[in-house]
Amino acid sequence: MSDAAAQVGLPPVTPEVDHKEGKGRGRAFLGIPVVGWMFLFFAIPYTLLFLQSLWKPTAFGVSHDWNLENYKLVFFGDALSGNIYIPTLLRSLKVGALVTIFATTLAFPIAYLLAFKIRNSRTRLVLYVLVIVPLWASYLLRAYAWKVILGQNGLFASVLDQVGLANTFLSNLLYSQSAVVITMTHIFTPFMILTIYAVLERLPPSLIEASKDLGVGRFKTFFTLVVPLALPGVIAGATFTMGLSTGDFVAPQLVGGPHDVMIANQVYSQFGATNNWPLGSAIAFVLLGFVAILVALSTQAERREQL
Amino acid sequence: MISGTASSDGAPAQGAPDGHAAVELENVTKRYGDVTAIEDFDLRVEDGEFLTLLGPSGCGKTTTLRLIGGFEAPNRGEIRIGGEDMSSQPAYRRPVNTVFQQYALFPHLSVSRNIGYGLKHAGTGREETARRVEEMMHLMQIPDVGDRRPRELSGGQQQRVALARALVMNPKVLLLDEPLGSLDYKLRKDMQFELKRIHREVGVTFIYVTHDQEEAMTMSDRIVVMSNGHIEQDASPAEIFDRPRTAFVADFIGDTNIVHGTVTRIENGHASVDLGPLGEIGGSTDDKIAAGDRVRVSIRPTDVRVEHGDSGGAVVQDSVLVGGHIAMKITSGSETVVAHVGRGSSFEPGSDVRLHVDSDRIRIFADKPEPAADESQDAAQA
């Protein structure tokens, strides 16, 4: 209990930290593995990819003619197939946003339950493990599971049959955007739960007691106190979910229909079937740009939250 | 005699005799699983009183406070606040407010909004809220920190904000859960006087929980000493210090030496006790003891005088400077006694000494099993 204040970011003393330069200079070598790792597996591949995007595709490979044609194609399309990449990107962002909203809505109550309502530590552990266990199963396996659930004679269809909703719009879920959103919501909700729980767990219960003590009821306390205090966790989880789900290509491939192709599928096919690496790289970099903007915005929001 | 009976000896005569007490607990029992925090607990807190629940950790004092605040529900018994039964009311419907141990200030709100939190949600108008917040900050002597976040304040300032946030609600009773625990010594001393001043100025009933006997002594009108979920003694600070009812209280309140001896003579609550190598001593007692009984004798270190003695008597083992006085550890036979003496009258370790004790503050207690066994006795009676 005694360090609870420090945990919410309430240092006991006014935090006038001296930033003394050069104090850690002797330990700089400790950073070498990290810098090396980032250089080898991040800087080099991304540089190569970026260079690729500025080159020209040929029938059997790439010619090193510097040009911006690939980016022009991504943003404006061509006469033959029209503009296909930007609408796909927007659709991907929409799917990402939907997944983020649903995952947050599902995750918050569970995280809240886990952090505050379950007093028995064994029950909490069991629930916590239940949240984590799906993460141990392969993504593909879970996506295939939804194929089974949402399929023509699947679990969902038979339940609909039972309640007399067969042959409605609900019975054709598989191979649609809804199926893509459902599958990805299932996949990303555990991450959301974990990030929100991490924040809620560190809130001293005395804050909630203090709110009730001051005459504010349960429901109002939840919205005026718990939600704002959990916002950093929500933002972190949402950024994560949004970034990963926007760039996902497995779910649309397995449970999506022909019109639900997402931007990562386009990248995939440029590198695979079409063998147009420069265009694939350009699409990837445009996507990266959007995600970078997203992360920048959320970092800023998070910082404002913590002030 | 030490089970949950809250006699009000030593309590200041406040409030009308037939009026409602600020807080009343009747036969309250609270269990956590198999652990009994308090059992058949009775307590009456008068209007405007500064009452301290004092005891070691795990004695049930915080549980008692949380039961009054509405953060825990009793298994049995009734809790009345201002005469009304509150046992089944949630915390947010009780006319009491709490100052939490770690202050529990809302980190995402400014100081003003922290203090105004309760008023705002009670539907108080913006202007009145601002006025009352301002008033409170003035009373707490933190007038210029309204726009800051709690983490930008010092511990003492955070403490004052927590007090302001609770008192601005005009509670019938203010509950304070070891509020000075995380402040350093000097600040704690200052805040003790501050709390006393604030108590005087607002006139609200204070129920204060602490394990620090000095804090309890300084501020309280009345102290309830608790141990193992029951009341050991309920009296004024002076009474508790001068006439501890049990060896536990004597030991817990201030330093004391508990030495063993045999009663040689008893008359009108005054007993003579043979302490063996320490000689014979006289003191007062409330316990039923007879000549020949084994007893425990409480001797305050400040009441022990030390003189040069012959070899074979008491020997100084250790002598350390403690602030303004010197604490000497002296052994005689199997007993060890600590004496506090002025800096001029100390002896080197190894010196042979003789001990004298002024008798009017010596307390004698029947030698009986430790509190753990006491509880089973209580249970048998219940």
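**Reading strands, rings and confidence**

Guide: Welcome! Two strands pair if DSSP finds at least two bridges between them; strands are DSSP runs of E with at least two residues, helices are runs of H or I with at least four, and both are numbered from the N terminus. This is a predicted model, in which local features need pLDDT of at least 70 and side-chain atom pairs count only at pLDDT 80 or more, while totals for chains, interfaces and linings use all residues. Residues are numbered from 1 along each chain as its sequence is written, chains are lettered from A and ligands numbered from 1 in the order in which they are written, and side-chain values use heavy atoms, with hydrogens and water left out.

Visitor: How many residues of strand 10 of chain B are buried?

Guide: Buried means under 20% relative accessible area, exposed over 50%, and partly exposed in between, using a 1.4 Å probe and protein chains only. In a regular strand, side chains alternate between the two faces of the sheet. In strand 10 (residues 230–235) of chain B, six of the six residues are buried.

Visitor: What kind of aromatic pair do Phe188(A) and Phe191(A) form?

Guide: Rings of Phe, Tyr and Trp (its six-membered ring) pair if their centres lie within 6.5 Å; planes under 30 degrees apart are stacked, over 60 edge-to-face, and the rest tilted. The structure holds 21 such pairs over all chains. One of them joins Phe75(A) and Phe76(A), tilted at 6.4 Å centre to centre with 50° between the planes. Phe188(A) and Phe191(A) have centres 6.1 Å apart and planes at 40°, so this pair is tilted. Both lie in helix 8 (residues 177–201) of chain A, three residues apart, about one turn of the helix. Phe188(A) is buried at 4% relative accessible area, whereas Phe191(A) is partly exposed at 27%.

Visitor: Where in chain B is the pLDDT below 50?

Guide: pLDDT is the predictor's confidence in each residue, from 0 to 100. Chain B averages 86, with 91% of residues scoring at least 70. Residues 1–17 of chain B fall below 50, and this stretch has 38 contacts (heavy atoms within 4.5 Å) beyond near neighbours in sequence. Residues 370–382 of chain B also stay under 50. Where pLDDT is low, the predicted coordinates should not be read in detail.
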